Amino acid sequence: MHRWQGAQGVTIAGDSWGPETGPLVFLQHGGGQTRHAWKSAGEFLGGAGYYAVAFDARGHGDSDWAPDGVYGQDIMVEDLLCVIDQLGGRRPVLVGASMGGGTSLVAIGEDRVDATALVLVDIAPKIEPEGVKKIGEIGRAHV
């Protein structure tokens, strides 16, 4: 497990696969998940020569909780920027599911991350309220 310094002193925990010199790919999880949701994908990408990194968003998994209770997309983009910087500031591919996809959209849409590609899983730039409702029902059914 790796530990990186996130925004406002929050420690961000994560895993990586593949050669550190390979193209950088960030795998960002959804709201009800942790970095472990990306293990198989990370192993596959690492085996293909990419440097795949999955980290727990603040307040998830092994990452710290935010002392100020702030968990919005803006601060999660800040955490992403911190980890990118600590990995040498290279242009990454951003892969995000649900919450992680939203973080990626904001990061790229606001020109805060110069990514080589964006892959969205279970989210789109225009979100349908009925789909959000169904996802919430699924999450609440398995608590």
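What share of the contacts in the protein with a separation of 6 or more comes from residues 24 or more positions apart? Such residues account for 66% of these contacts, where a contact means heavy atoms within 4.5 Å. The model is predicted, with local features needing pLDDT of at least 70 and side-chain atom pairs pLDDT 80 or more, while totals for chains, interfaces and linings use all residues. Residues are numbered from 1 along each chain as its sequence is written, and side-chain values use heavy atoms, without hydrogens or water.

The protein has four helices and six strands. Both are DSSP runs numbered from the N terminus: helices are H or I with at least four residues, strands are E with at least two. Along the sequence the pattern reads β-β-β-α-β-α-β-α-β-α. The C-alpha atoms fill a box of roughly 40 × 35 × 30 Å along the principal axes.

Of the 143 residues, 42% count as buried, meaning under 20% relative accessible area with a 1.4 Å probe and protein chains only. The largest nonpolar core has 19 residues. A nonpolar core is a set of buried Ala, Val, Leu, Ile, Met, Phe, Trp, Tyr and Cys residues joined through side-chain atoms within 4.5 Å. Strand 3 (24-28), strand 4 (51-55), helix 2 and helix 3 each supply at least two of its residues. Helix 2 gives the most, with five. Trp4, Phe26, Val53 and Leu87 are among the residues with the most contacts inside this core. Leaving out residues up to four places away in sequence, Val53 touches Trp4, Asp15, Ser16, Leu24, Val25, Phe26, Leu27 and Leu87. A second, separate core of 10 residues includes Val25, Trp38, Ala54 and Val93.

The structure holds one cavity of 30 Å³ or more. A cavity is a set of points on a 1 Å grid over the protein atoms alone where a 1.4 Å probe fits but cannot get out; lining residues have an atom within 4 Å of a point. Grid points are joined across faces, edges and corners, and the volume is the space filled by probe spheres set on them. Helix 2 (73-86) and helix 3 (99-109) each give two or more residues to its lining. Helix 3 has the largest share, three residues. Among the lining residues are Gln28, His29, Phe55, Arg58 and Asp79.

Note on methods. On a 1 Å grid over the protein atoms alone, a cavity is a set of points where a 1.4 Å probe fits but cannot get out, and a pocket is an open set with protein on both sides within 12 Å along at least five of seven lines; lining residues have an atom within 4 Å of a point. Buried means under 20% relative accessible area, exposed over 50%, partly exposed in between (1.4 Å probe, protein chains only).
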